[in-house]
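I am opening this notebook to keep track of what I look up, one entry at a time.

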Amino acid sequence: MSLVLDRVSYSVKDNILVSKMDLKVSPGEVLGIVGPNGAGKSTILKLLAGDLRPLEGVVMLEGNNIETITPLQLSLYRSFMTQTAHIVFDFTVREIVAMGWVQNIDAFTKSKAIKEIIEVCDIADLSERRFNTLSGGEQQRVQFARNLLQLWRPCASSKPRYLLLDEPTASMDMRYELGLLNHLRQTAGHFIGVVIVIHDLNLAARFMDRLILMNHGEVIAEGAPEVVLDPNRLSDVYQTPIKVERNDLLDRLLVHS
Amino acid sequence: MMRAWVLPSLIGVKFKSGKFVGLGVLLVASFVAGLSQGAVSIPLLGLVNGSATELEQIVFAEIRAPRVFLAGFVGASLALSGAVLQGLFRNPLADPGLIGVSSGAAVGAISMIVLGAALSIPDWAEAYVMPLAAMSGAMAVTFLLYSFANYFGRFSVVTILLVGIALNAMAGVVIGLFQYVSDDAQLRTLVFWLMGSFSRAQWASVLPAIGVMVGASLVLLRQVKNLDRLQLGESEAYYLGVDVPRAKRHMILCSAAAVGAGVSLTGIIGFVGLVVPHLARLFLGSSHRLTLAGSVLIGASLMILADLLARTVMVPEELPVSLVTNAIGAPFFLWLIARAARS
């Protein structure tokens with residue numbers, strides 16, 4: 001059970017975005033993708049989501065080539081929180097969240113699920129407001145709720161699911177950023193594989209089970225945060241001096257320049 | 001499909017269904033007013049209990065009823081197509097008339113008026129050739145618009161209007177050419193097209209057109225969830241399970257078919273597809289389940305009332321109904337632009 005990139009390459013014209021990439025995501029783990037701007041992180045997510053078709057190699061979901069799965073079937077297995085959020089018409093927050101409902105189950109279960117998700121995500125006070133009037137961080141909290149609803153199941157499910165997130169906390173304040181990352185850890189516990197593109201290496205070190213460091217469309221390092229976040233390697237990839245030290249009081253890695 | 005009509009909160013259900021009952025009453029009242037009022041006023045009860053004169057019966061069955069039904073269905077189709085195009089292009093100013101879809105349909109229909117004689121079309125097919133030509137014209141323009149949009153990424157509010165101006169101008173050239181080469185009789189028919197009117201409604205041509213409009217509208221109404229999800233972006237709609245190319249194809253083909261079938265009988269009637277969806281959104285909400293259903297009800301009611309006004313305001317003369325819709329729609333359009341400019 002896994003979502004796999006198998007020797008996947010992708011390029012636009014002569015610009016190679018991803019080169020012969022191997023990657024495996026399993027349900028229950030939180031995988032962070034880090035790397036400088038333009039490293040190919042978002043492209044990886046779009047390939048995993050089935051939105052971009054690899055030019056070489058294959059994307060496999062539960063042993064099936066993702067290109068052979070219908071959009072409807074795929075929507076039951078993975079959701080993708082992207083960075084864009086501009087919406088032309090006036091929808092309420094509740095309506096936006098409800099768009100995440102993809103299952104063919106009765107309306108009562110649906111409204112129960114929406115209520116539960118709105119409470120869990122702490123957006124009850126926003127739920128009747130117009131989405132367009134929210135701040136960037138609030139909009140991200142709502143989009144996160146919509147993605148959680150897409151993967152919500154009425155009872156403990158053993159069907160693997162995958163949640164992809166592209167800088168989900170970019171506009172959030174610290175409180176909600178930590179809240180979302182804590183939430184991801186819980187989400188992973190429901191047999192969901194989480195892949196997140198994140199820039200903050202301290203948070204990456206603290207919340208991720210596994211990290212992939214990318215540069216120029218290639219994997220530079222992969223493994224536990226302590227292994228990947230090597231100061232020499234980071235300084236090289238980000239082309240700026242970076243220090244990494246272990247803080248025993250906090251029991252975590254600290255990355256700083 | 002039914003499940004989609006149940007709202008999550010019970011209060012919401014009561015609130016919204018009350019408004020829908022109101023719109024239903026408005027539609028029935030429009031029908032009654034449209035059927036009974038006119039140059040000859042007809043007692044509807046008299047038709048039922050047999051006290052109506054023969055003249056009244058003939059006027060009702062052969063002139064009044066087909067006209068009012070055509071107005072209702074054309075109004076509903078234009079409004080629904082407008083709402084779908086606005087959703088598809090994610091653009092509040094999309095309207096079949098403004099962006100050139102209606103002009104495309106008119107070019108198709110007019111080419112048949114002028115060139116039809118040379119094509120020696122059999123009599124039985126004549127009633128169908130014009131709607132088909134109009135629908136093809138509407139589809140050609142919609143596809144052109146869409147491939148433009150795909151090529152340049154998402155259409156901005158302004159770009160789509162500018163492309164609409166260009167397409168309308170191109171259609172104007174073709175229409176002008178046809179006007180130039182047509183004879184007197186053809187010219188009279190042509191002018192009727194450009195004005196937009198329900199005065200030529202006859203059952204023989206109205207019924208097939210209504211069939212097309214109903215069929216296309218049913219497909220469009222099934223797109224409510226897809227339209228909602230498209231508002232998040234095309235990729236996001238795909239992540240939520242929408243087969244985006246297929247949904248777009250259905251929306252483009254069916255909105256063009258609905259507009260084309262109407263235009264082939266009535267000519268160009270402007271602004272209904274722009275104004276009505278906005279009224280529906282203001283009144284009911286932006287969720288397409290509400291917007292689309294509301295557009296159908298409001299579009300049919302308003303068109304019947306506009307036609308009633310057009311044919312009663314200066315009896316025995318008749319105004320083209322497009323004068324009425326333009327008189328209401330143009331200021332509304334200005335208001336929309338002002339609102340868009342402010343935000």
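Predicted model: local features only at pLDDT ≥ 70, side-chain atom pairs only at ≥ 80, totals over all residues.

**Entry 1**

**Entry 1: the six-stranded sheet of chain A**

Next I looked up an open sheet of six strands in chain A, which has the order β6-β7-β8-β3-β9-β10 and mixed pairing. Its edge strands are β6 and β10 (218-223) of chain A; each has a single partner strand, so one side of each is left without a neighbour in the sheet. From one strand to the next, the twist averages 15°.

I stayed longest with strand β3 (residues 30-34) of chain A, where five of the five residues are buried, so the strand is largely enclosed by the rest of the structure. Its side chains divide between two directions, with V30(A), G32(A) and V34(A) pointing one way and L31(A) and I33(A) the other, and all of them buried.

- Four bridges join β3(A) to strand β8 (residues 192-197) of chain A in the parallel sense, and L31(A) has V195(A) as its bridge partner in β8(A).
- Strand β9 (residues 210-215) of chain A also runs parallel to β3(A), over four bridges, with I33(A) opposite I212(A).
- Strand β7 (residues 161-166) of chain A pairs with β8(A) in the parallel sense over six bridges, and R161(A) stands opposite I192(A).

Which helix lies across β3, β7 and β8 of chain A? I found that it is α6 (residues 174-189) of chain A, running at about 150° to β8(A).

**Entry 2: a hairpin in chain A**

Strands β11 (residues 243-247) and β12 (residues 252-256) of chain A run antiparallel and are joined by five bridges, and V244(A) has V255(A) as its bridge partner in β12(A). Four residues lie between the strands of this hairpin, in which D251(A) takes a positive phi near 55°.

**Entry 3: helices of chain B**

I turned to helix α4 (residues 101-115) of chain B, whose 15 residues reach 21 Å from the first C-alpha to the last, close to the 21 Å expected at 1.5 Å a residue. Twelve of those 15 residues are buried, so α4(B) is largely enclosed by the rest of the structure; among the buried ones are G104(B), A106(B), A109(B) and M112(B).

Helix α11 (residues 244-266) of chain B has 23 residues and reaches 33 Å, close to the 33 Å expected. After α11(B) comes G267(B), which has a positive phi near 80°.

In helix α14 (residues 321-342) of chain B I picked out F333(B). Is F333(B) buried or partly exposed? It has 19 other C-beta atoms within 10 Å and is therefore partly exposed. Leaving aside neighbours within four places in sequence, F333(B) is in contact with F271(B) and L274(B).

**Entry 4: the core and the contact between chains**

The largest nonpolar core has 173 residues, and those that touch the most other members include L48(A), V195(A), A106(B) and A109(B). Helix α3 (residues 54-89) of chain B gives the largest share of this core, 15 residues. Beyond residues up to four places away in sequence, L48(A) touches L3(A), L5(A), V59(A), L164(A) and V195(A).

Last, I looked up the contact between the chains, which takes 25 residues from chain A and 22 residues from chain B. On the side of chain A, the elements that give two or more residues are α2 (71-75), β6 (78-81), α3 (93-98) and α4 (107-120) of chain A. The residues on that side of chain A divide into 14 nonpolar, seven polar and four charged.

Methods
Residues numbered from 1 in each chain as written. Chains lettered and ligands numbered in written order. Contact = placed C-beta atoms within 7 Å. Nonpolar A, V, L, I, M, F, W, Y, C, P; charged D, E, K, R; others polar. Expected span 1.5 Å × (residues − 1). Buried ≥ 20, exposed ≤ 12 C-beta atoms within 10 Å, placed from the backbone. Pairing = 2+ DSSP bridges. Core = buried A, V, L, I, M, F, W, Y, C linked by C-beta atoms within 7 Å. Axes fitted to C-alpha atoms, helices over the stretch in contact; angles between N-to-C directions.
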